[in-house]
Amino acid sequence: MSQRVKVKQILQDEKTDYPVVVKGWIRSFRNNQFIALNDGSTNNNIQVVLDMDSVTPDLLKRLTTGAAISVSGQVIPSMGKGQRVEVKAIELEILGDCDPEKYPLQLKNRPSLEYLREIAHLRFRTNTFGAIFRLRHSLAFAVHKFFNERGFVYLHTPIITASDAEGAGEMFHVTSFDIKNPPLTESGEIDYKEDFFGRATNLTVSGQLEGELGAMAFGDIYTFGPTFRAENSNTARHLAEFWMIEPEMAFYDLEDNMNLAEAFIKSVIGYALENNKEDLEFLAQRLAEEEKQKPQQERSEMGLIEKLEFVLNNEFMRLTYTEAIDILKNSKPNKSKKFNYLIEDWGADLQSEHERYLVEKHFKKPVILTDYPKAIKAFYMKQNEDGKTVRAMDILFPGIGEIVGGSQREENYDKLVTRMQEMHLPVEEMSWYLDTRRFGTAPHAGFGLGFERLVLFVTGMGNIRDVIPFPRTPKSAEF
Ligand code: 4AD
Ligand code: MG
């Protein structure tokens, strides 16, 4: 028997007139003769042509949308429109039936994205999600490629940890206690000494702190793994479980950090443009149709592919938080009180409406904001001479808001400890982290990029729940 060949391969090869075995799921069946078969390797189906005389009525009934089949036959030039080649079936076997009365993915009624979220276990079989998750794969591959080519070490930081890297207290606890009946100390508190790890633990919110330990030995490292935040943000940009890429580089200052982040984003977007043309064209078309439903002034000026090329070919705008506050203070939506959070004073935390104003209305390109007030940023950021700001950088993207958060790190032991004390962090418990500042400390910097926010941008989708296979969000952990 000839080897199974993937549909993508058959469609892409120049040759015809050779035997193949194809396997996949039926997308449609018409005229009792033509099967559109999809195997997930591409959104394009291969047309399988049946010899009508040899098909029994019983088999015909079972050729339904969603059924899994195996076909051996001959690849021949197609007479019909729409495809160069097709497979003339010689033998057809049904591997798995699919009841058309019950299968939710019929071609006739185009299911909404919301509905597909409810059947996320089947949505991979649609064109939209096929394209999204092939792109997600490519972007993940491009991430590793980028860092590998630059000599970074991929470091696996722990998922279970005792520290709150961001100090924001948004952690999921990890315990093996019977939560109805945990052991208590004499004073009546939960006795974590008795717990599995002998202490209170949680799911990591970031691999950065451990990443810094690696950078102080390897020079350049990156992490790429799941991170968890118990923040009750029910938005189209937040997940409780998301994947983050966190490079950390010894001997980098803030500017080196920004340069790397910009090159990194451009590189992975460039990879997708080069390697996922078909899927991007499909998603661009999808987005264009969606945009048509919107009122004229809300439509975006660029198509998906244009937008990606624009990011690739233009420098990101760089400015300080202080400069941004000036722009926002004097902006139309601030003066006419259109912002939900009005910008009055220096020191205000930027909300996503402000970030999006800067990116989408004012600069109309990606923006890197630097030197934020220390009061609204994490403890580990390097303090500026002014005593007010830290060497932070956030990268803001159109349609997304914050896609990257990073900084140069405070490498001075005394300054770092003082800041930790000011912020009431457990200095003794974090001596392992502080050791890097005691034993050969060096300037270093890093950033974190939210992988789903990147996938959101590249696919042009509107909701982060549609770019991760099985989203975890407040009140939802299906599948
Ligand atoms: O800005 P954040 O919180 O930074 C850190 O965690 C640092 N330790 C990173 C570092 O310097 N190594 O998160 C980084 C990025 C954000 O810019 C955003 O893209 C993404 O992670 N992110 C989320 N993505 C989806 N859902 C959430 N709830 C997210 N929270 C942050
Ligand atoms: Mg941030």
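Colleague: Which residues does UniProt give for the "Aminoacyl-transfer RNA synthetases class-II family profile" domain?

Modeller: Residues 133-469, according to an unreviewed UniProt entry. Keep in mind that the model we are looking at is predicted.

Colleague: How far apart are the ends of 133-469, and what is the span made of?

Modeller: The end C-alpha atoms of that span lie 8 Å apart.

Colleague: What else is annotated, say a "coiled-coil region"?

Modeller: The UniProt record, again an unreviewed entry, puts that feature at residues 273-300. In the model, 68% of residues 273-300 is helix and 0% is strand. The end C-alpha atoms of this stretch are 20 Å apart.

Colleague: Zooming out, how many helices and strands are there in the protein?

Modeller: There are 14 helices and 16 strands. The C-alpha trace spans about 85 × 60 × 45 Å along its principal axes.

Colleague: How much of it is buried?

Modeller: Of the 479 residues, 49% are buried. As for contacts between residues at least 6 apart in sequence, 68% join residues at least 24 apart.

Colleague: What about charges, how many positive and negative side chains?

Modeller: The count is 58 positive and 71 negative, and the centres of the two sets lie 6 Å apart.

Colleague: Changing topic. Which residues of α12 are buried?

Modeller: In α12, residues 413-422, the buried ones are L416, V417, R419 and M420. Looking down the helix axis, they fall within an arc of 160 degrees, so they line one face of α12.

Colleague: What do they pack against?

Modeller: They pack against α13, residues 431-438.

Colleague: What is in the loop between α12 and α13?

Modeller: H424 lies in that loop. H424 is not a glycine, yet its phi is positive, about 55 degrees.

Colleague: Is H424 buried or exposed?

Modeller: H424 is exposed, at a relative accessible area of 72%.

Colleague: Where is N32, and what is its phi?

Modeller: N32 sits in the loop between β1 (18-30) and β2 (34-38). Its phi is positive too, about 50 degrees, and N32 is not a glycine. N32 is partly exposed, with a relative accessible area of 42%.

Definitions and conventions: Residues numbered from 1 in each chain as written. Chains lettered and ligands numbered in written order. Predicted model: local features only at pLDDT ≥ 70, side-chain atom pairs only at ≥ 80, totals over all residues. Heavy atoms only, no water. UniProt positions renumbered as here; feature names shortened; annotations may be inferred. Helix = DSSP H or I, 4+ residues; strand = E, 2+ residues; numbered from the N terminus. Buried < 20%, exposed > 50% of the residue type's maximum accessible area, 1.4 Å probe, protein only. Contact = heavy atoms within 4.5 Å. Lys, Arg positive; Asp, Glu negative; His and termini not counted. Charge placed at Lys NZ, Arg CZ, Asp CG, Glu CD. Arc of directions from axis to C-beta.
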